[in-house]
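Here is a short briefing on one protein chain.

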Amino acid sequence: MSKKVLIVDDEPSIIVAIQFLMEQNGYETIVAFSGEEAMEAVAKHHPDLVLLDIMLPVVDGFEVCQRVRENPDWKDIHIVLLTALGSEANVTKGLDLGADAYVIKPFSNADLVAKVKELLECHA
């Protein structure tokens with residue numbers, strides 16, 4: 001059974017590119033374009049990993065990360081924050097909220113795939 005990856009970004013072009021990349025590497029994908037959609041998708045699909053943008057309308061990625069971490073039923077879901085916000089303060093905040101990794105845009109496709117594989121395979 002393939003692992004499920006939820007891709008959350010408000011830029012459709014980014015979602016399409018990441019979705020293609022994840023599917024090429026054998027992952028089932030689910031997409032969400034906002035923080036609210038992300039929370040609904042987590043509840044409905046219980047993905048193995050969430051690729052989560054921070055700058056989202058209404059509910060941002062930090063809040064989504066925090067909400068997922070507050071729910072004990074979702075403790076096994078890995079979260080990778082995938083964002084253009086590269087300041088040390090944002091990285092620290094994201095990791096303090098419980099993200100497993102913090103990837104800064106623009107990123108290398110190979111690095112992103114390697115990080116996803118590392119998180120999903122070492123915690124299989």
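Which side chain makes a polar contact with the side chain of Asn 90? The partner is Ser 87, with a polar contact of 3.0 Å between the two side chains. A polar contact is a pair of N or O atoms within 3.5 Å; within protein, one must be able to donate a hydrogen and the other to accept it, and residues adjacent in sequence count only if both atoms are side-chain atoms.

This is a predicted model: local features need pLDDT of at least 70, side-chain atom pairs count only at pLDDT 80 or more, and totals for chains, interfaces and linings use all residues. Residues are numbered from 1 along each chain as its sequence is written, and side-chain values use heavy atoms, with hydrogens and water left out.

**Overall fold**

- The protein chain has five helices and five strands. Helices (H or I, at least four residues) and strands (E, at least two) are DSSP runs, numbered from the N terminus.
- Along the sequence the pattern reads β-α-β-α-β-α-β-α-β-α.
- The radius of gyration is 13 Å, close to the 14 Å that the globule rule gives for 124 residues, so the protein chain is as compact as a globular protein of that length. The radius is taken over C-alpha atoms, and the rule is 2.2 Å times the number of residues to the power 0.38.
- The C-alpha atoms fill a box of roughly 35 × 30 × 25 Å along the principal axes.
- Of the 124 residues, 44% count as buried. Buried means under 20% relative accessible area, exposed over 50%, and partly exposed in between (1.4 Å probe, protein chains only).
- Among contacts between residues at least 6 apart in sequence, 62% join residues at least 24 apart. Contact means heavy atoms within 4.5 Å.

**Strand pairing and crossovers**

- Strands 1 and 2 run parallel and are joined by five bridges. Two strands pair if DSSP finds at least two bridges between them.
- Val 5 has Thr 29 in strand 2 as its bridge partner.
- From strand 1 the chain crosses through helix 1 to strand 2, and this β-α-β crossover is right-handed. Right-handed means that, with the strands pointing away from the viewer, the path from the first strand over the helix to the second runs clockwise.
- Strands 3 and 4 also run parallel, with four bridges between them. Leu 49 stands opposite His 78 in strand 4.
- Strand 3, helix 3 and strand 4 form a right-handed β-α-β unit.
- Four bridges link strand 4 to strand 5 (residues 101–104), and the two run parallel. Leu 82 is paired with Val 103 in strand 5.
- The path from strand 4 to strand 5 goes through helix 4 (residues 88–96), in a right-handed β-α-β crossover.

**Strand 4 and the cores**

- In a regular strand the side chains alternate between the two faces of the sheet.
- Both faces of strand 4 are covered: His 78, Val 80 and Leu 82 are buried on one side, and Ile 79, Leu 81 and Thr 83 on the other.
- The largest nonpolar core has 23 residues, and Leu 6, Val 8, Leu 52 and Leu 81 have the most contacts inside it. A nonpolar core is a set of buried Ala, Val, Leu, Ile, Met, Phe, Trp, Tyr and Cys residues joined through side-chain atoms within 4.5 Å.
- Elements that give two or more residues to this core include strand 1 (4–8), helix 2 (35–45) and strand 4 (78–83).
- A second, separate core of 18 residues includes Ile 15, Leu 51, Leu 82 and Leu 120.
- Leaving aside neighbours within four places in sequence, the contacts of Leu 52 include Val 8, Val 64, Cys 65 and Leu 81.

- Gln 19 sits in helix 1 (residues 12–24). Gln 19 counts as partly exposed because its relative accessibility is 24%.
- The side chain of Gln 19 makes a polar contact of 3.1 Å with the side chain of Thr 29.
- Asp 53 lies in the loop between strand 3 and helix 3. Asp 53 counts as buried because its relative accessibility is 4%.
- Not counting residues up to four places away in sequence, Asp 53 touches residues including Asp 9, Asp 10, Thr 83 and Lys 105.
- Asn 90 is in helix 4. Beyond four places in sequence, Asn 90 touches Phe 62, Leu 85 and Tyr 102.
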